[in-house]
Amino acid sequence: MAAVCSVMAGALALPTAIARAGVMYSGSPLSYTVMSVSGIVKDAAGNPMPGVVVAVAGTTQAVITDEQGRYHFNQVPDGAKLVFKMIGYETLERPADKNVINVTLKQDVKTLNEVVVKDGYRVTTVAASTSSISTVGGRVLENKPYANFAQTLQGQVAGLTAPLTSGQPGANVDIRIRGLGSLSLSSSPLIVIDGMIVNSGQLGYNTTTANALSGLNQNDIESIDVLKDAAATALYGSRGSAGVIIITTKRGKAGRTQVRVDAETGVSSQLPPPDAGKPLNGAQYAELLREGLLNGGSTPAQVDAIAESYGINSGKSNDWYDLITRTGTQQQYNVSFNGGTDKTKIFGSAGYFNQEATTIGADLKRFSGLFNFDHQLNKRMVLSAGINVSNVGQNTPASTQYSSNPTWAARALRPFQLAYNDDGTINNKTKGDTNFPGIYNPLWIAANDKKYLSETRVLGNVKLKWNIWDKLNYTSYFSADYNTLEETSFFNAIMGEYAGLNGRSKNYYVRYFNWLSRNQLDYRYDIAGVDNFYVNAAVGYEAQRSKEYLLAADGGGFPAAHESLTALTNAANPLGTYGQYSNYSFVTVYGLADVNYRNKFAINTSVRRDGSSRFASNNKYANFFSVGGTWNVHEEAFFRKQHIMSFLKLRSSYGTTGNANLSNYAWVPQASYGAAYGYAGLNGQQYNAIGNIDLRWETAKKFDAGIDIGFAEDRFMLTVDYYRNNIDGLIRSIPTSYTTGFSAVSQNIGAMVNKGWEFTVKGDVVRYKDFNWYTNFNLAMNRNAITKLPDNTPVQNGQFYLKEGYSFNTYYMKEYAGVDPENGDPLYYVDGTHASKTNKYADAQFVVLDRQSLPKYTGGFNNTFSYKGISLSVDFTYNLGYWVYSASDVYFTNGSNYIYNKYKYIYDNRWTTPGQQTYVPKYTTKSDNSVSTYRLYKGDHIRLKNITVGYDFKNIGLVRQLGINKLYLYGRATNLHTWTYDNRLPFDPEVNYSGYDNQGMLQFRTYTVGLNVGF
């Protein structure tokens, strides 16, 4: 038993750590009778607390609790006291009067000010921070059945949205922080991993949807910090406009070596479409087909001929949803170790993740490894290094409205188009209405086409920190991010997009080498004569360069009789080879200055000058700054006279940031060369990009005001933020004279504003004996408005209204007014007054609608219930106040497109009888295909994202005797249910920010069981 709980004295007798914690000790042991003492340290919620300093007062004995909160002493003098100390918690003393002493530490309002806050360039405390930063801890992230950490962030952080628009494992997730960041450039936040600004998003050229960060193992993440306001994001200058996400991986901790093994396995099932969007079965489609043809003027003989051609009388039909879906599988296995001494600490891990989607042809496998190392070279130098390696293999079917997209095929193919021949083989015939003359048989495509990505990433870093003297530090940091992507596509010669070429193969090799160097000097100046009044200042230089290399080859003409010969070398006809470079670089000088007066008042400032190769020499450099202030009201004497609040912090910031997420050579006038422009056998030149040497950075002026309030000794915490981001210099494509040879040129002309409120309430709702209920509820309300556009900008922008004073995502279309009950005709409002209706689409006016594609309210509701060793987690996400548009509805609702299957809502609600009141017009082959609000659906939804229930067997005697300090068995279900509020909605409402249903791969729910074992 002692072996299980003990901590090696040589490794954990840490006077340095004790001194930092403020515990006094003497070098002379007491001469008394000794006894062994052990125990567990827990927080108020009953969770074990690792990292607590436990010291025997008056001696040199001290240990740090392990991952399970355990500590152990072999020789404690009789009558001595144990001192328990951890930043953020009240110091606790207990007499060493028995062998087992278990304690519970309470949070301390005053020392909460000492909790560390990191923004990538400085390490400060809650008391000294003026920033709006949200943190998601590693415990929230680990063991989730997701290939991408962004899926876990959904609903965890107020103001952060990350809609999952595809069920493809490893699909790219478009993260937004506080709304739309640009009209033309990327609005995705900057991603920083262990100090390195990495290339993120979809880096390849051929795979339908992929994410460069899908190689990151969530179990390796210690924390994710989301930087929102100028005080935090201005430190990243030209690239902080859309927010910053800082990912910190796990590092070793002093103490005995700990090993952890995690295993999880399970299955996944298809999320069924809403009832309104279910495709028709054979009998329903046959009835609707005949009805539409007759209503459209076809004679009974013509109807019978078409029905016979379509196989309606054959007695054979398919359920295409059943055919293109399957029971998926889910597995992940991770092993890690960490430990070390006060001088040297290490953390290492290896992981395997395998996810098979419920749509045929889609899966992902990932191998990952992490090793982090920290070593104190001497009393003034610390060397840290780390390497993160991963390989992702991903099979991805086509998406959107491609004829080879299985999701599109399941909606569009008629039940009488037969997947299999009579002999059981897959039907690959392309002639005849019961075969596949248009949309291809998805079973054949899945079996014979290939769309594969192999992505290998190596991310390494090294950092040297030198304490030149007590108040002056120098930090040198270097990191390299190496990415290679090998993409292979093969399209068979018999059926598919390139059957006319007798098959086709495309191979892409893409390589990214991205490095960053940073050197920073920090100095602290204590103002004489005033206790705890100081200034921290820093200056630094940063340089980054990313080099991309692409090599591609393309060929057609493959032997149809040899299906296994898919390599490009078997192509009879070369169709092209491509090679190119695409590089960018940034150089930066920056400075920081922070003032702290007794943890009561604090000011943070920063200034940064960035230069980038993405702009011409006259606009290559730009300056960015921020200033923020905070008042810790709870430090005031008058605050202690009231007993409602236990913590009160007021903060505000203002600053500027930039957006440089344009293409690497957008400003460069470019020419292309080739034989097509040649003369006399020599290649010629033609300008193909007008460029603009006057392009400059898009700039955001950010204001934030926030308040943090604690109640009942911080049992509950309320955080409220108001923000206003004014973004100007928006890059827009502006018409130009055709005498230039081009129709448009990019210019900085346009402005918009994002403003809103964020609320977060978290804490223990119930805390009674061994039962605890912890909740985290967050709500964000963002509003967007265009404030400046070029003169004569057309107000119609696709389905949206583009004008000053309106949101960029305001719908603009004709309003559907229901059905004429006498004849079943579709009706439209003549104008926005709704005073009159017409059945003539041309007589209706376009109307600016009070409907947008961006949710007005977003957030999450996360709960954890615990009782002794049992835990239950229930997480919800929600998006409210938005509308989604489906351009593809024209195929699944209108009788004029009778060659496609239809939504069940159309079948159930179509007009059939004079006097009938309904929303769906008469089904006829002469129906109207025009765009109107008929194709607009309310997207409001609440999703039950996750349920996890588990039990930790660690306190069972046998388990402890085996040396196991963690044995947690759990079951988890994700995407269990979605509540929607429009009975017409035919698809999953979680779509992209444009509000478009892109016919992407369907999401799925997972059921997994897992085991975490710690030694």
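A residue counts as partly exposed when its relative accessible area falls between the buried limit of under 20% and the exposed limit of over 50%. In this predicted model, Asp728 lands in that middle band because its relative accessible area is 28%. Its salt-bridge partner is Lys701, with N and O 2.7 Å apart. Lys701 sits in strand 32 (residues 698-711) and Asp728 in strand 33 (residues 716-728), so the bridge ties together parts 27 residues apart in sequence. Lys701, at 29% relative accessibility, is partly exposed too.

The overall tally is 34 salt bridges.

Another of these pairs is Glu291 with Arg910, whose closest N and O atoms are 2.8 Å apart. Here the chain separation is 619 residues: Glu291 belongs to helix 8 (residues 282-295), while Arg910 is in the loop between helix 14 (904-909) and strand 48 (936-938). Both Glu291 and Arg910 are buried.

Glu356 and Arg326 also form a salt bridge, at 4.0 Å from N to O. Glu356 is in strand 19 (residues 344-356), and Arg326 is in the loop between helix 10 (320-324) and strand 18 (328-340), 30 residues away. Glu356 has a relative accessible area of 24% and is partly exposed; Arg326, at 26%, is also partly exposed.

As for Asp997, this residue lies in the loop between strand 50 (966-980) and strand 51 (1004-1014).

Note on methods
Residues numbered from 1 in each chain as written. Predicted model: local features only at pLDDT ≥ 70, side-chain atom pairs only at ≥ 80, totals over all residues. Heavy atoms only, no water. Helix = DSSP H or I, 4+ residues; strand = E, 2+ residues; numbered from the N terminus. Salt bridge = Lys/Arg side-chain N within 4 Å of Asp/Glu carboxyl O. Buried < 20%, exposed > 50% of the residue type's maximum accessible area, 1.4 Å probe, protein only.
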